[in-house]
Number of protein chains: 2
Amino acid sequence: MRIALLGGTGDIGEGLALRWGRDTDHELVIGSRDPDRAAERAGDYRATLAERDVDATIEGRENSAAVVNADVVVLSVPPYYVADTVDAVADSLAAGAILVTPAVGISSDEDGFHYRPPDTGSVTDLVRETAPPDVPVVGAFHNLPAARLADLDADLDIDTLVLADEGSARSTILELTAEIAGLRALSAGPLANAPEVEALTPLLITVARYNDELADLGVTFQ
Amino acid sequence: MRIALLGGTGDIGEGLALRWGRDTDHELVIGSRDPDRAAERAGDYRATLAERDVDATIEGRENSAAVVNADVVVLSVPPYYVADTVDAVADSLAAGAILVTPAVGISSDEDGFHYRPPDTGSVTDLVRETAPPDVPVVGAFHNLPAARLADLDADLDIDTLVLADEGSARSTILELTAEIAGLRALSAGPLANAPEVEALTPLLITVARYNDELADLGVTFQ
């Protein structure tokens with residue numbers, strides 16, 4: 001499978017690239033608005049994996065080039081760039097490509113971190129409304145700790161929730177997620193359930209802030 | 001410590017009564033609008049604990065009688081009864097009594113379970129606005145699986161989040177919670193963070209619905 005990670009130069013894009021690079025044989029393409037930055041980061045990830053004797057297929061390209069022939073496109077960009085990023089790549093998507101959105105709208109104040117969805121109701125819905133109608137949209141990876149994901153020495157042992165309206169796209173992303181060691185993929189039903197899934201992300205940051213022994217938190221359902 | 005569990009005849013009230021009854025020496029008072037029902041359930045809980053050779057102090061009383069001399073009052077009633085329940089007992093609260101609110105506003109539809117807070121922003125805020133100004137309010141126990149909590153053979157190994165604006169009330173409830181075996185109490189900061197804490201409850205029910213191997217879910221932050 002070919003996976004494009006747009007915004008794959010940082011945050012959870014880096015961790016997903018390194019984990020899929022280590023744990024699977026999928027072809028990975030790092031996307032960025034800046035193709036040089038994409039190529040540089042792809043080289044960094046290959047080098048990180050080579051130190052572990054993993055020969056991963058990771059390229060770097062400008063976003064609209066990165067999605068060409070990709071089976072799965074992960075939009076690991078900040079929420080305020082999500083709609084523009086979808087617009088920028090929509091015409092280049094392969095037939096059947098699945099768009100995956102992990103972004104969450106968060107604000108912070110003196111009390112903690114708060115869920116601030118866009119007017120559509122959730123970032124996941126915003127992607128659904130922005131994407132071409134025939135492109136399946138899946139919400140996933142909202143609640144992953146970015147630094148821990150990118151640290152290949154760190155154990156995950158956490159869950160991630162997958163939202164989808166189409167069964168085939170859901171299954172593909174559930175399977176692709178479960179291929180990462182230590183990550184359990186659970187269905188959270190249709191995209192309409194996105195607000196509660198997205199709202200968990202600011203809560204994780206708040207809980208880490210108020211409990212000194214906890215940092216870079218994930219969650220497990222048990 | 002004397003703990004009144006209003007609405008303690010069902011849902012998480014039952015589980016908290018049984019767990020505190022088994023794991024601590026606190027005096028427990030089951031509150032209900034119907035004093036006979038309260039007394040009957042208190043007797044049931046004592047009997048359940050007696051089968052395990054636990055001699056627990058559990059009485060049953062009408063709500064406003066139940067809170068007299070209680071150090072902690074848990075409002076384990078449905079969200080639409082919370083304000084009326086606070087009004088009904090406000091004049092009977094002991095000086096320094098802490099009000100604890102676990103209620104969450106939830107709606108369900110064909111997709112899943114959704115967070116539907118009252119106009120105040122959260123049920124926790126509704127309690128804060130309804131309670132006398134000098135009574136400390138703490139949010140806790142929102143995300144506990146009721147049936148598992150009430151099954152003393154079931155291991156918990158889950159977390160619960162505690163919201164409070166006053167440090168002393170927070171500490172009291174964190175300690176009281178951690179006295180239940182298998183339950184880790186984490187601070188989630190001030191009451192202003194209640195929406196994200198409350199929104200986790202419908203998500204837990206949704207996740208259980210869409211994953212056959214999971215039921216009566218709690219959560220751990222790790």
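In this model, which is a predicted one, A:I158 stands opposite A:L183, a residue of strand β10 of chain A. The two strands concerned are β9(A), residues 158-164, and β10(A), and they pair in the parallel sense over 5 bridges. Between them the chain passes through helix α7(A), residues 167-178, and this β-α-β crossover from β9(A) to β10(A) is right-handed.

Let me turn to the pockets. The largest pocket has a volume of about 750 Å³, and among the 35 residues that line it, A:D11, A:I12, A:S76, A:V77 and A:P78 lie nearest its centre. Which element supplies the largest share of this lining? That is α4(A), with 6 residues, while α1, β2 and α8 of chain A are also among the elements that each supply at least two. Sorted by class, the lining of the largest pocket comprises 19 nonpolar, 11 polar and 5 charged residues.

The second largest pocket holds about 500 Å³ of space, and its lining is made of 24 residues, with B:D11, B:I12, B:H142, B:L144 and B:T201 nearest the centre. Here two or more residues come from each of α1, α4 and α8 of chain B, and α8(B) gives the most, with 4 residues. By class, this second lining has 18 nonpolar, 4 polar and 2 charged residues.

How values were computed: Residues are numbered from 1 along each chain as its sequence is written. Chains are lettered from A and ligands numbered from 1 in the order in which they are written. This is a predicted model: local features need pLDDT of at least 70, side-chain atom pairs count only at pLDDT 80 or more; totals for chains, interfaces and linings use all residues. Side-chain values use heavy atoms; hydrogens and water are left out. Two strands pair if DSSP finds at least two bridges between them. A crossover is right-handed if, with the strands pointing away from the viewer, the path from the first strand over the helix to the second runs clockwise. On a 1 Å grid over the protein atoms alone, a cavity is a set of points where a 1.4 Å probe fits but cannot get out, and a pocket is an open set with protein on both sides within 12 Å along at least five of seven lines; lining residues have an atom within 4 Å of a point. Grid points are joined across faces, edges and corners, and a volume is the space filled by probe spheres set on the points. Ala, Val, Leu, Ile, Met, Phe, Trp, Tyr, Cys and Pro count as nonpolar, Asp, Glu, Lys and Arg as charged, and the others, Gly among them, as polar.
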